[in-house]
Amino acid sequence: MTQDVEMKEQQAAPSNSVTSTGPSTLQQLKEIASLIETGAYAREVRRIVRAIRLTIALRRKLKASVLHWFLNFALVPGSDAHSRLSSYLPKEDELDMEVDTATSATPAPVKHSLPEFEIYCYLLVLIFLIDQKRYNEAKACSSASIARLKNVNRRTVDVLAARLYFYYSLSYELTGDLAEIRGNLLALHRIATLRHDELGQETLLNLLLRNYLHYNLFDQAEKLRSKAPRFEAHSNQQFCRYLFYLGKIRTIQLEYTDAKESLLQAARKAPVAALGFRVQCNKWAVIVRLLLGEIPERTVFMQKGMEKALRPYFELTNAVRVGDLELFKAVAEKFSTTFSSDGTQNLIVRLRHNVIRTGLRNISISYSRISLTDVAKKLRLDSENPVADAESIVAKAIRDGAIDATLDHASGWMVSKETGDIYSTNEPQIAFNSRIAFCLNMHNEAVRALRFPPNSDKEKESAEKRRERQQQEQELAKHIAEEDDDEF
């Protein structure tokens with residue numbers, strides 16, 4: 001028994017030593033600061049990008065005491081930025097402050113004050129305020145950071161600026177004041193265009209589109225999108241957001257084919273961790289496919305983590321597939337609050353015509369000849385003159401090619417034609433062509449998205465070889481000129 005107890009104690013000892021030697025929040029912030037400093041002096045944007053990724057992974061560990069310590073470390077105490085950022089943070093007891101064994105009680109400030117450090121401190125404090133739900137202080141902090149950003153024009157700041165733009169818009173959206181910053185976002189987009197800040201242009205364009213769509217200003221959003229400069233995407237996240245907003249605009253403009261392509265591409269390109277974004281993309285994609293007359297597969301609604309969120313749209317799809325107008329109305333009323341919050345209520349009103357057309361298609365397949373009175377009963381039309389409505393619906397469906405039938409107005413009959421072999425038509429060829437085009441498009445996008453780290457050694461070698469080649473060409477030209485002089 002005593003041996004067992006001693007073995008357990010020996011096993012527990014290493015775990016305590018590991019936890020004590022693990023990197024603290026202060027150590028990680030110092031490593032991020034060194035990354036930013038190296039990237040600023042070497043003008044390497046990839047180091048700034050890596051610093052932001054480490055910050056996002058560290059945001060849950062941020063505390064007011066840690067931020068006070070980092071502000072004293074990164075900024076000059078007593079400066080305008082230091083005093084302004086310190087005023088946004090709450091005052092906490094010094095006993096709660098996390099102390100690192102490798103650092104002294106008073107941290108030594110950075111030798112050279114870089115704009116990157118100041119902008120990063122703004123970003124760090126702004127993220128902390130939003131996470132703590134102190135939205136009024138976040139608005140003030142974001143406004144001050146944007147005012148500082150307008151006076152900084154460095155390529156290494158562009159990545160930090162793009163993040164600040166996002167949280168600037170988010171802080172005003174959380175307080176319901178999103179319309180106040182629309183003019184400022186347009187001015188920032190103009191500044192980013194003049195400075196050739198492509199990442200900032202992408203971010204600000206998406207923020208402006210979100211601003212317009214938040215207030216249902218679809219025409220203005222489309223005018224901005226069509227006139228804004230477009231180039232190769234630098235951020236996959238921003239490109240996914242752009243595709244989602246483009247899909248929403250196309251849906252409202254009744255361009256369902258382009259909307260479906262944009263929404264499905266946004267859902268496919270989105271990161272796995274962005275579950276909420278993928279849920280929204282799938283909701284709009286389901287509605288668009290239903291408006292196109294397609295029925296989404298069951299696997300769309302059974303994706304991991306999306307079953308509960310997509311449940312209303314699954315029941316709506318089932319009602320459209322069956323063609324039951326009463327069931328469609330019941331589902332629309334049951335989940336009306338969900339559809340209103342998702343912004344798809346007006347689109348579901350459009351689906352009523354598709355439900356009637358689907359039911360009419362099922363009737364034409366089941367009956368070779370049926371009276372218009374029975375058609376109205378099966379479609380459950382609740383109008384004053386259901387027979388006349390059924391006649392107009394059948395006539396429009398025949399004209400649009402939805403059903404293959406003829407209408408006998410005198411007798412009041414709908415006569416369906418025999419269904420032929422679909423493989424004798426061009427439908428299989430069209431389906432295969434769309435699949436092949438989709439695969440080729442995916443391959444081309446994957447090739448364009450390849451990123452390679454800069455290889456400075458090869459660039460130096462190529463430059464040296466180019467100098468040697470030019471020198472050899474000059475010597476050869478001089479030798480040829482001397483030979484020509486000798487000949488004359």
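**View 1. Lining of the second largest pocket.** Helices α13 (256-269) and α22 (427-448) each supply at least two residues of the lining of the second largest pocket; helices are DSSP runs of H or I of at least four residues, numbered from the N terminus. The model is predicted, so local features need pLDDT of at least 70 and side-chain atom pairs count only at pLDDT 80 or more, whereas totals for chains, interfaces and linings use all residues. Residues are numbered from 1 along each chain as its sequence is written, and side-chain values use heavy atoms, without hydrogens and water. The lining comprises 22 residues, with K260, E294, S434, R435 and F438 nearest the centre of the pocket. Helix α22 gives the most, with 10 residues. A pocket is an open set of points on a 1 Å grid over the protein atoms alone where a 1.4 Å probe fits, with protein on both sides within 12 Å along at least five of seven lines; lining residues have an atom within 4 Å of a point.

**View 2. Packing of α16 against α19.** Helix α16 (residues 311-322) packs on helix α19 (residues 345-366) at an angle of about 40°, with the axes 7 Å apart. Axes are lines fitted to C-alpha atoms over the stretch in contact, and angles run from 0 to 180 degrees between N-to-C directions. The contact (heavy atoms within 4.5 Å) involves L316, A319, V320, R321 and V322 of α16 and I348, L351, V355, T358 and N362 of α19.

**View 3. Packing of α11 against α12.** Helix α11 (residues 218-227) and helix α12 (residues 236-252) pack at about 125°, their axes 10 Å apart. Residues F218, A221, E222 and R225 of α11 meet Y242, L246, K248, I249, R250 and I252 of α12.
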